Amino acid sequence: MAENTHWNKKVFAILLERAKGVRSWRQFAAECGISYVQMRKLASMSQENPPRPKLIRKVTDNAFNDVDLEDLLFAAGMSNSGRQRVRKQAEQPQEETAYDRFRALPARDRRIVEEYIDFLTQKRLSQTAASKQQKKPNQKKQ
């Protein structure tokens with residue numbers, strides 16, 4: 001098999017390191033939905049062939065530090081047709097659940113959503129406790 005001269009392993013590995021941010025490689029791979037072994041091969045420049053656009057999309061969807069799709073595609077030696085193929089896959093209408101949309105968020109945005117859910121949960125618990133306290137004095141009067 002002929003080697004892809006446009007596949008720049010070193011640049012791709014640098015972009016992956018940047019996209020990983022403060023997370024461990026295992027955590028980053030899990031959030032991207034790819035295997036840890038695959039992620040480490042890409043990061044250590046030991047993979048001979050460039051990753052497929054679908055894998056690059058998964059990494060981009062979970063990337064930190066403004067690493068974008070076009071940078072990773074370029075480092076992987078993808079042509080304009082490769083970019084168009086990834087965009088077409090992303091644009092296909094699919095019925096996604098709220099959980100699917102949540103999982104598609106970058107980790108930092110998921111943390112914000114989780115904090116908001118915690119806030120709403122605490123608010124709901126305090127409202128429930130307050131309404132129970134209001135009912136107790138009324139029940140004693142009867």
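1. Before we start: a helix here is a DSSP run of type H or I with at least four residues, numbered from the N terminus. Keep in mind that you're looking at a predicted model.

2. Start with the loop that links helix H3 (36–43) to helix H4 (53–61), because Met45 sits there. Met45 has a positive phi, about 65°, even though it isn't a glycine. That's worth a second look, because most residues other than glycine have a negative phi. Is Met45 buried, partly exposed or exposed? Its relative accessible area is 38%, so Met45 counts as partly exposed, as that class runs between the 20% and 50% cut-offs.

3. Now go on to the loop between H4 and helix H5 (69–75), where you'll find Asp66. Asp66 isn't a glycine either, yet its phi is positive, at about 55°. With a relative accessibility of 69%, Asp66 counts as exposed, since the cut-off for that class is over 50%.

4. Next, have a look at how two helices pack. The axes of helix H1 (residues 9–20) and H3 come within 8 Å and cross at roughly 125°.

5. Sorted by class, the contact of H1 with H3 has six nonpolar residues, with no polar and no charged ones.

Notes. Residues are numbered from 1 along each chain as its sequence is written. This is a predicted model: local features need pLDDT of at least 70, side-chain atom pairs count only at pLDDT 80 or more; totals for chains, interfaces and linings use all residues. Side-chain values use heavy atoms; hydrogens and water are left out. Buried means under 20% relative accessible area, exposed over 50%, partly exposed in between (1.4 Å probe, protein chains only). Axes are lines fitted to C-alpha atoms, for helices over the stretch in contact, and angles run from 0 to 180 degrees between N-to-C directions. Ala, Val, Leu, Ile, Met, Phe, Trp, Tyr, Cys and Pro count as nonpolar, Asp, Glu, Lys and Arg as charged, and the others, Gly among them, as polar.
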